[in-house]
Amino acid sequence: SFWTRTRDQSPLAYHYLSAILRMKVKRNFAEIGRQTSVCGERVQHFMTNSPWAKTGICQQVQADIASTPALRGGALVLDESADAKSGTCSAGASRQYNGRLGKVDVCQVGVFLTYVKESWWTWVDGELFIPEKWFEAEFADQRERVGVPPGLPFKSKVELGWDMVQRAQLNGLPFDYLACDSLYGRADWFRSNLAQAGIVYVADIPITTQVYLECPEWGVPPTPEGHKGRAFSTPRVLSEDEPIEVKEITEDSRTTWTTLQIRSTERGKLESEYTARRVWTLRDGKPTEEWLLIRRHSDGRLSPSLSNASAETSLERLAWMESQRYFVERSIQDAKSELGWDEFQAWKYRAWEHNTAMTTLASWFITET
């Protein structure tokens with residue numbers, strides 16, 4: 001995966017991997033060079049300019065997972081993370097929401113795909129989110145300066161996530177379902193695409209999401225007599241029943257809650273209250289039946305999710321699937337605190353891709369070991 005047209009770059013990759021695994025702070029080019037007895041300029045060239053591709057590394061990691069029997073039948077978990085920047089020189093850096101700081105600030109945002117199986121987790125892919133304004137004409141010089149590939153189209157975080165899920169499925173990654181937060185779950189087209197691809201999902205949604213408790217009547221309304229203009233042709237909800245917000249369901253005294261032990265923690269078993277019921281949404285542009293799963297945390301917070309799991313799926317299974325989203329946060333935390341992903345100092349697009357590839361490789365090395 002580290003071959004270029006003229007040489008094999010794997011010795012430099014080995015030194016870089018060794019350094020980010022062993023070093024605890026200051027994982028910059030110069031310090032990595034000192035720690036590995038390699039010229040810092042060579043390390044910088046390897047990460048910033050060398051034309052090896054992230055794609056090959058991620059494909060190999062996913063192939064390794066697929067060939068490891070103990071890891072089959074896991075989950076894919078999708079999430080994004082921001083890395084604060086002091087200026088807008090780096091590829092994709094802009095004033096945008098930084099979840100780690102809880103505010104809008106200058107940062108780069110990456111979308112990451114994590115593979116989880118019980119007590120194991122590892123990154124398997126990542127994409128840099130480039131804000132839409134970067135594709136405007138006045139940013140042309142800046143795009144060229146940081147090496148954004150010519151012709152690269154703007155894609156939202158949800159679209160980047162969908163691209164990575166498709167790649168994982170094409171690479172034969174053996175996952176049973178996908179979990180994601182409300183940024184992705186509230187996108188009807190994303191859930192619809194997952195369902196059409198045969199992928200089971202548990203997707204968080206906002207508490208204000210509207211659902212139907214009974215399947216609404218659907219069709220083309222009759223054209224009233226004397227109507228001027230073209231006859232009605234667009235299907236719509238015909239019944240008078242209005243959708244209700246998820247929040248109203250949680251406040252209904254008829255909603256029953258079950259306390260479940262959902263996963264192990266460092267202090268024993270994590271317990272939460274859950275409830276689930278079948279509801280209808282307009283996911284596919286028409287009434288579509290889904291599971292509505294609601295988790296009530298010990299502090300009273302509510303986390304609703306939608307899932308296309310079969311109607312026979314138990315509450316315990318739905319709760320287990322929802323609880324696995326925690327591990328994408330652990331994988332991102334590990335990438336930053338243990339592997340120095342957020343200590344990386346380079347402003348080119350290719351450098352970001354290479355750093356993500358090497359962090360993915362290091363994450364898989366730890367999991368495999």
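## Negative surface patch

In this predicted model, Glu214, Glu240, Asp241 and Glu242 gather in a patch of negative charge on the surface. A patch here is made of residues with over 30% relative accessible area and no salt bridge, like charges being joined within 9 Å and nonpolar side chains (Val, Leu, Ile, Met, Phe, Trp, Tyr) within 5 Å. Asp and Glu count as negative and Lys and Arg as positive, while His and the chain ends are not counted, and the place of a charge is taken as CG of Asp, CD of Glu, NZ of Lys or CZ of Arg.

One of these residues, glutamate 242, lies in the loop between strand S9 (236-237) and strand S10 (244-245), where it is exposed with a relative accessible area of 65%. Buried means under 20% relative accessible area, exposed over 50% and partly exposed in between (1.4 Å probe, protein chains only); the areas come from the Shrake-Rupley method.

## Basis of the model

Residues are numbered from 1 along each chain as its sequence is written, and side-chain values use heavy atoms, with hydrogens and water left out. Because this is a predicted model, local features need pLDDT of at least 70 and side-chain atom pairs count only at pLDDT 80 or more, whereas totals for chains, interfaces and linings use all residues.

## Overall architecture and core

The chain contains 12 helices and 14 strands, which are DSSP runs numbered from the N terminus (helices H or I, at least four residues; strands E, at least two). Its C-alpha atoms fill a box of roughly 80 × 60 × 40 Å along the principal axes, and 48% of the 369 residues count as buried.

The largest nonpolar core has 31 residues, of which Leu76 and Phe190 touch the most other members; such a core is a set of buried Ala, Val, Leu, Ile, Met, Phe, Trp, Tyr and Cys residues joined through side-chain atoms within 4.5 Å. Among the elements that each supply at least two residues of this core are helix H4 (54-66), strand S1 (74-84), helix H6 (157-170) and helix H8 (188-196), and H6 gives the most, with 6 residues. In H8, Phe190, Arg191, Ser192 and Leu194 are buried.

## Salt bridges

The structure holds 18 salt bridges, each a side-chain nitrogen of Lys or Arg within 4 Å of a carboxyl oxygen of Asp or Glu. Glutamate 31 and arginine 34 meet in one of them (2.7 Å, N to O), and both lie in helix H2, 3 residues apart, about one turn of the helix. Glutamate 31 counts as buried at 18% relative accessibility, whereas arginine 34 counts as exposed at 57%.

A further salt bridge joins the side chains of arginine 167 and glutamate 127 (2.8 Å, N to O). This pair links distant parts of the chain, with arginine 167 in helix H6 and glutamate 127 in strand S4, 40 residues apart. Arginine 167 is partly exposed at 28% relative accessibility, while glutamate 127 is buried at 13%.

## Positive phi angles

Serine 37, although not a glycine, has a positive phi of about 60 degrees; it is found in the loop between helix H2 (29-36) and helix H3 (40-48) and counts as exposed at 72% relative accessibility. Glutamate 118 likewise has a positive phi, near 55 degrees, and is found in the loop between S3 and S4, where it counts as partly exposed at 48% relative accessibility. Just after H8, glycine 198 takes a positive phi of about 75 degrees.

Methods:
Accessible areas come from the Shrake-Rupley method with a 1.4 Å probe; for residues, only the protein chains shown count as cover.
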